[in-house]
Structures are given as structure tokens and as C-alpha cells.
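Here is a short briefing on selected features of one protein model. Please look at the sequence and structure first.

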Amino acid sequence: MQPDISIKNLSKVYDDGFQALKNVSLDIQKGEIFALLGPNGAGKTTLISIICGLVNPTSGQVLAAGHDIIRDYRKARAIIGLVPQELNTDSFEKVWNTVSFSRGLFGKPPKPEHIEAILRDLSLWDKRNNRVMSLSGGMKRRVMIAKALSHEPDILFLDEPTAGVDVELRRDMWEMVRKLRDKGVTIILTTHYIEEAEEMADRIGVIRNGELILVENKQSLMAKLGRKELRLHLQHPLETLPEALSDQPLSLDESGYELLYTFDSQQEQAGVARLLRQLADLGIEFRDLQTRESSLEEIFVGLVHE
């Protein structure tokens, strides 16, 4: 099946010589939620801007639903919606008018029922006659999303969509994004909130210094790169680790009452079972145990700093 977005050997070098993207290749499938993670200046916004036709690439090719973003610019842009990172709204316009106007910019005929549905989904219906300038930052962010959805795009880019939005509004947006995905909309988001990617994404890409260093299914990524910890609370303190346990990835806390065992999440059963047998053979009793798995944030930080 043809990917909704196909990026081949994409590079961008600015006039001052700075290379923002280095031979990026990526396919994103229809109906997928793809999260692009990376530190500030990694190239996330540049990549999105090129796909959306706001920045010209230095080399490479991008297809949106089979349309070349340069040769078939109008067709490509007509199926793409973009929520940019910076708030940029028609401050003096009313909410209903600015969203409706955005639809008209794409040559779409008026469709009041669609505009109403968007505003209701984004909890903006009660604000439809308010001027945008009177809204809070979080509500202005919702207006930006409504404008991006006004022309019924098949592909939606969300560049830091919940920046400056409180937790409640953020979760409302997550729910809206899931509904769009269920309708077949392909969604690409960049975010600084790792839990956002962990909550919503099907696949995750990590970009660093303009290079796409990893693209992986979310669950596979956490299984491959995740670590688990087993914390054992001992019945009696140990002064030092017994020699028989020296080959194990174990550490003993200062009190002597707690053992920390770190292991690969893919090899957990064999390793933990062996450890517990060794403890029993050595007569080391424990009264409680806890396990903890690496979060996506820990994996991401490790990748970026490696």
C-alpha cells in the first residue's frame, strides 16, 4: 500500500551554511499517528515546514498521498492541514469567521455543519461569536487546530499542539486526535511532552542534529530499549553483596536492606527466576519486591545523549 507521506533523501541547507536536515527518509502510512521527537533545533519544524510547502528543500523528494509537494503543490497542499507551533490567528475576527475563512482559502464551498462539528469537538462552540483576541492561550491553540481542520484534510501536522495548554485541555485534544485517526486521517505530531507520544503514537521517530536516528513501533521501541528494575526489600540487612552474586547486575543500598536488580525487559523471566533461586540458596529472605519499567522519556533522553 502506498504510504500517505513518502520522504526520500531529504536535505536542507540554509543560506548561512547550517544544515538543518541530512538525508532524511521516512514513510508514514494512512491512518497512522506518528510522533516525531527531538530536542530544540533538531530539525522537527524544518521537516514539517518542507512537507507543508513553507520551506524549500535543498535536495530530496516528498510525496503527500502520491503528489509531489513541488510539482503538484496545489494537490499536495489541499490534503494537508497544519497547526504551527507559534500562535498566529486573526485576532480581531470572530472564531466562526476565521475558521470559515480558512476553509474558503482552499477553495472549498461553505459547509456550516462541518465548521459547527469542529467547534463543538474542540469545545469552542460557546466561543464562536467571540473575537479571537479575547480568548485564552489554550483556546487560541484550539482555534488554530479548528482552522487546520476546516478544509477536511487527509493529513494533519501538529507542531507542538499542546504547548502552553493545561492538562485538561491537553487530554481533550488527545481524544480529538484519536477520533480523527479513527476516521482515517494521518497525523504527524512533534511534541516536548513525552507522555503525549507514549499515550497516542503508533510509531515514534527520533531526530537529532538533522538526522533521523531511529524509527520504531512504540511498543517495540520500549521493549528493545527499555530496562526494568526489580527492587527487593530484604528481611535482614546485608553488609556487602555475597561473592556468589557478583556476576549479577545488582546494587545494595547504604542501609543494606534494599537490593536493586536491573535487567533487559526481553530477558526478564530467565534472569529474575535465576536471581530468586540464588537468593533462596544463600538464605537471603525478602519481605517485598517491586518492579518498574523504563518510561519512553528515559529511553528518549538516553538516545539523544548517546
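Glu 258 sits in strand S13, residues 258–264. Strands (E, at least two residues) and helices (H or I, at least four) are DSSP runs, numbered from the N terminus. This is a predicted model: local features need pLDDT of at least 70, side-chain atom pairs count only at pLDDT 80 or more, and totals for chains, interfaces and linings use all residues. Residues are numbered from 1 along each chain as its sequence is written, and side-chain values use heavy atoms, leaving out hydrogens and water.

**Glu 258**
- Glu 258 is buried, with a relative accessible area of 18%.
- Buried means under 20% relative accessible area, exposed over 50%, and partly exposed in between (1.4 Å probe, protein chains only).
- Its side chain makes a polar contact with the side chain of Arg 231, at 2.7 Å.
- Leaving aside neighbours within four places in sequence, Glu 258 is in contact (heavy atoms within 4.5 Å) with residues including His 233, Ser 251 and Asp 253.

**Helices H5 and H6**
- The axes of H5 (residues 137–149) and H6 (residues 167–182) come within 11 Å and cross at roughly 10°.
- H5 is therefore roughly parallel to H6; that label covers angles under 35 degrees.
- Axes are lines fitted to C-alpha atoms, for helices over the stretch in contact, with angles from 0 to 180 degrees between N-to-C directions.
- Among the residues that meet are Arg 141 and Ile 145 in H5, and Asp 172 and Met 176 in H6.

**Arg 74**
- Arg 74 lies in helix H2, residues 73–78.
- Arg 74 is exposed, at 73% relative accessible area.
- The C-alpha atoms of Arg 74 and Gly 53 are separated by 9.7 Å.

Terms used. Angles under 35 degrees count as roughly parallel, over 145 as roughly antiparallel, 65 to 115 as roughly perpendicular and the rest as oblique. A polar contact is a pair of N or O atoms within 3.5 Å; within protein, one must be able to donate a hydrogen and the other to accept it, and residues adjacent in sequence count only if both atoms are side-chain atoms.
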